[in-house]
Amino acid sequence: MSRPPLTFVVGTGRCGSTAVSRVLRLHPSVLSLSELFTTLEPGALPEQDLDGEEFWEILASSRPFADRMIRDGTPVPEHLYPRSPGRFTGAGGVPALCLTTLPHLTSDPDVLFDALRPVLTARPAGPAAGHYRALFAELSARCGGHAVVERSGFSLSLAPRLRQHFPEARFVHLYRAGPDCALSMSRHPGFQLIEFLADATHGSGPEAPAKLERMLADDSFDLTGALKRPVPVARYGALWSRMITEGLSHLDALPPGTVMPLAFEDLLEAPEHQLTRLAGHIGVEPDPEWLAAAGGVLDGGRRGTSDVLPPSQREALLTACTPGTRALAARARRTQAGPGRGGRS
């Protein structure tokens, strides 16, 4: 029996991927899973076999940073659950699966969470991928859509592990102009945490995660102030470049034809054409009603946002983004020259 189509949309984050999840949710044949794997990190894809109860613990455990931001009244924008709160709270812990993935699919994530538990905890021991496929099947049965598309921000580094666990999967590499993407990162608490962690745990080695967890658990620690400290936007440009160059090396290692590159700017410029390409890649029809509805989700005003920076900041940002920009341009040239490793036009 063949498996339903499975696609992962990977990117740096702040590249328009949340909008793509909303667009995909509108397609009647797509199960759009938003922020599943990066929300479940670390430990989303264990190597060892696990039983249903152990798998459920991955889905149902909370994440310290998300809970702390909820307690502070400033939840991460992608986390939908705190905006329509149910029985879980930042004080007691919100299950990771409930932060974005379930409220992206339903207006009552608590009911869906409760319905999933007996099905998944009853599963016998086996590889993590088998448990995830069971989760996908259950969500498809309850929410509709036969083609599964998971999209997480900050997910480029996950591509090798996703390929290892799901060898049948296809990939979409969504990317955005480096300066605009980096500027958006600089305003996002998740990326602010990355830069704060780089400074606060310098030299901590393997103790860094535990140190961070202790800080987040202490409500007297001024997390908001720490995240809002001045950081040159060029640092986020350097982060974007590292993520792009390393991520492209991961994507180039995938089999030919499995990766579709998609520039967010191209999607905004020609949504019908690019969404038709996307539909073909993920294995669904480019439904005309879907194409018409999807156009209303995309915000063309997100292009060129970094142009408003003072000249000195913009010049430093452009310089920091140069390695990633060049890597993307080189890959585009290879793709245009013909079907090469990991490319699909």
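Buried residues are those with under 20% relative accessible area, exposed ones have over 50%, and partly exposed ones lie in between, with a 1.4 Å probe and protein chains only. The model shown is predicted, so local features need pLDDT of at least 70 and side-chain atom pairs count only at pLDDT 80 or more, while totals for chains, interfaces and linings use all residues. Residues are numbered from 1 along each chain as its sequence is written, and side-chain values use heavy atoms, with hydrogens and water left out.

**View A. Strand S1 and its two partner strands, S3 and S4.** Helices (H or I, at least four residues) and strands (E, at least two) are DSSP runs numbered from the N terminus. Five of the five residues of S1, residues 6-10, are buried, so this strand is largely enclosed by the rest of the structure. On one side lie Leu6, Phe8 and Val10, on the other Thr7 and Val9, and with all of them buried both faces of S1 are covered. Two strands pair if DSSP finds at least two bridges between them; S1 pairs with S3 (residues 147-151) in the parallel sense over four bridges, and Thr7 has Val149 as its bridge partner there. Strand S4 (residues 170-175) also runs parallel to S1 and is joined to it by four bridges, with Phe171 of S4 standing opposite Phe8.

**View B. The largest nonpolar core, with 89 residues.** A nonpolar core is a set of buried Ala, Val, Leu, Ile, Met, Phe, Trp, Tyr and Cys residues joined through side-chain atoms within 4.5 Å. Inside the largest one, the residues with the most contacts are Phe37, Tyr132 and Phe166, and the largest share, eight residues, comes from helix H14 (residues 233-252). A second, separate core of 11 residues includes Met69, Met215, Leu216 and Leu227. Contact means heavy atoms within 4.5 Å, and, leaving aside neighbours within four places in sequence, the contacts of Phe166 include Leu6, Phe8, Leu45 and Arg133.

**View C. Aromatic pairs around Phe37.** Rings of Phe, Tyr and Trp (its six-membered ring) pair if their centres lie within 6.5 Å, and planes under 30 degrees apart count as stacked, over 60 as edge-to-face and the rest as tilted. The structure holds 14 aromatic pairs. One of them joins Phe8 and Phe37 edge-to-face, at 5.8 Å centre to centre and 70 degrees between the planes, and it links strand S1 to helix H2 (residues 37-40) across 29 residues. Phe37 also forms an edge-to-face pair with Phe166, at 6.2 Å centre to centre and 65 degrees between the planes. Because Phe37 lies in H2 and Phe166 in the loop between helix H9 (159-165) and S4, this pair ties together parts that are 129 residues apart in sequence.

**View D. Cysteines without a disulfide.** A disulfide is a pair of cysteine sulfur atoms within 2.5 Å, and by this rule the count comes to zero. For Cys15 the nearest cysteine sulfur, that of Cys181, is 5.6 Å away, and Cys15 itself is buried, with a relative accessible area of 0%. The sulfur of Cys98 is 12 Å from the closest cysteine sulfur, in Cys143, which is too far for a bond; Cys98 also counts as buried, at 0% relative accessibility.
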